[in-house]
Amino acid sequence: MEKNFPENFLWGAATSSAQIEGGWNEGGKGASVMDILGGSINGSVFRNQTKEVMPDVFYPSHVGVDFYHNFKEDIRMFSELGLKAYRMSIAWTRIFPNGTEHTANEEGLKFYDDVFDELAKYNIEPIVTILHYDAPLNLANEFGGWPNRKMIDFYVKYCETLFTRYKGKVRNWITFNEINCLLVPFSILTAGTVNMDLKSEDNTDQLRFQALHNQFVASALAVQLGHKIDKDNKIGCMIAYMCNYPLTCRPEDILMAQKEDQIKNMLSGDVQVRGAYPRFAKRYFKDNNIKIEMLPEDDEILKKGTVDFYSLSYYMTNCIGTDETQEKTAGNLVYGMKNPYLEATEWGWQIDPLGLRWVLNNVYDRYQLPIMIVENGMGTADVVENGEINDDYRIDYLQKHIKQISESLEDGVEVIAYTPWSALDLVSLSGGTMKKRYGFIYVDKDDHGEGTLKRIKKKSFYWYRNVIDTNGEEI
Ligand code: BG6
């Protein structure tokens with residue numbers, strides 16, 4: 001029995017546009033960088049990337065799970081699940097198909113109006129990510145994506161359009177999904193550029209930090225604008241918390257883990273929450289010969305554009321250390337070393353509920369800002385047996401993580417929202433597979449696009465409904 005979740009705690013679930021919507025070229029939508037990612041290459045986490053949309057290639061995002069046509073019924077199911085909040089993202093290319101237009105696409109704007117109205121009907125609070133890995137393909141081709149400073153203007157215009165149009169309908173915004181994943185060499189999604197794939201020689205720290213800086217400035221300008229347009233707007237950062245424990249108590253391992261935490265996790269949070277680069281960044285840039293091009297006004301922009309809340313994704317933890325022979329772990333954008341004390345999912349992601357408590361305490365000690373956990377969940381190959389999905393393993397995973405949120409609340413950490421990944425099954429980011437399922441609602445579709453798209457409530461659906469219903473007292 002837990003009794004410490006605040007009355008207004010936002011119990012929710014999450015998705016992203018390119019992973020659920022489909023309708024990739026309907027309603028005036030343009031192609032995003034997601035729309036040229038095919039299926040998995042030889043079953044790996046890497047996807048078959050084409051230069052443009054080719055007629056004979058299967059692209060999982062093109063149909064997604066057809067939320068575009070089915071959103072009313074999906075949102076009705078979310079209400080049945082009892083969601084108080086729904087974290088979703090807007091597809092930039094529905095609003096500005098090429099990213100460069102002067103006028104926004106009315107049909108795209110209208111689609112999200114309809115989605116927000118439908119959510120309002122059931123008192124479900126939207127938490128909206130402005131960019132979740134699906135920047136316009138045209139901006140990638142014409143401008144090379146985020147390493148180019150011109151992206152800032154396009155993005156800010158897009159934000160201004162959203163803040164103005166959805167004023168009063170949306171109050172919680174996230175500027176960039178997992179902004180710190182730009183530092184992991186996997187960049188078509190994070191950097192929005194087609195010119196910088198994993199193997200490219202251009203995929204350097206220099207370029208990644210430049211792209212990240214441009215996103216920091218874009219985010220800070222968006223925050224200022226969002227506050228100006230509606231003082232009730234709450235705008236947050238979103239960090240993929242890549243928690244890496246020292247592999248051993250060797251002092252070298254401890255220091256290595258600290259440095260990793262500083263650069264991979266803290267740097268982005270510090271800039272977005274505190275409004276300036278942290279001191280350790282200077283040393284890192286010097287040691288690695290990174291020279292970021294900044295304009296004189298950037299310092300002031302970052303300072304004035306600090307966020308109202310901190311949000312994070314948390315799936316697993318890894319280890320880091322000097323012993324190169326230690327076995328590696330799996331992940332989508334994140335990798336590390338095996339922790340002998342942890343079990344892993346069938347995709348090799350190490351399950352670590354206690355690590356969530358460590359992360360929440362760590363983040364709150366540093367920033368004292370309200371925290372939203374906007375992604376957490378277990379990807380598994382669920383099986384339908386006699387029309388049912390008995391996903392006890394998912395219940396177990398979520399239950400243990402919620403327990404640690406409850407412990408963190410007891411520790412005095414201000415957690416205000418929990419939106420597990422994902423509301424319904426969707427196209428997985430790594431490998432573009434459907435087989436790796438996260439949802440409370442099963443969707444009948446396979447890796448080749450076959451299936452009826454029928455929705456089935458999993459066992460975890462009923463379990464989570466009760467968690468929400470009892471405000472976390474029964475988990
Ligand atoms: C997060 C992303 O990194 O991980 C999501 O924000 C993604 O978009 C989620 O789906 C799970 O990763 P994957 O590769 O298993 O889908």
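1. Strand E9, residues 309–313, is mostly covered in this predicted model. Of its 5 residues, 5 are buried. The side chains of E9 divide between two directions: Phe 309, Ser 311 and Ser 313 point one way, Tyr 310 and Leu 312 point the other way, and all are buried.

2. E9 is paired with strand E7, which spans residues 234–240. The two strands run parallel and are joined by 5 bridges. Within this pairing, Cys 237 has Tyr 310 of E9 as its bridge partner. Tyr 310 is also one of the buried residues of E9.

3. Because 6 of its 7 residues are buried, E5 is largely enclosed by the rest of the structure.

4. E5 pairs with strand E4, residues 85–89, in the parallel sense. This pairing comprises 5 bridges. In it, Ala 85 has Glu 125 of E5 as its bridge partner.

5. E5 is also joined to strand E6, residues 172–176, by 4 bridges. E5 and E6 run parallel. Leu 131 stands opposite Phe 176, a residue of E6.

6. The helices are considered next. Two packed helices are described by the angle between their axes and the distance between the axes. For helix H2 (residues 67–81) and helix H4 (residues 106–121), the axes come within 10 Å and cross at roughly 20°. Angles under 35 degrees count as roughly parallel, and H2 and H4 are therefore roughly parallel to each other. Their crossing is right-handed.

7. Which residues make the contact between H2 and H4? On the H2 side they are Phe 71, Lys 72 and Ile 75; on the H4 side they are Val 115, Glu 118 and Leu 119. By class, this contact has 4 nonpolar residues, 2 charged residues and no polar residues.

Technical notes:
Residues are numbered from 1 along each chain as its sequence is written. This is a predicted model: local features need pLDDT of at least 70, side-chain atom pairs count only at pLDDT 80 or more; totals for chains, interfaces and linings use all residues. Axes are lines fitted to C-alpha atoms, for helices over the stretch in contact, and angles run from 0 to 180 degrees between N-to-C directions. Angles under 35 degrees count as roughly parallel, over 145 as roughly antiparallel, 65 to 115 as roughly perpendicular and the rest as oblique. A crossing is left-handed if the near helix is turned anticlockwise from the far one by less than a right angle, and right-handed if clockwise. Two residues are in contact if their C-beta atoms, placed from the backbone, lie within 7 Å. Ala, Val, Leu, Ile, Met, Phe, Trp, Tyr, Cys and Pro count as nonpolar, Asp, Glu, Lys and Arg as charged, and the others, Gly among them, as polar. A residue is buried if 20 or more other C-beta atoms lie within 10 Å of its own, exposed if 12 or fewer, and partly exposed in between; C-beta atoms are placed from the backbone. Two strands pair if DSSP finds at least two bridges between them.
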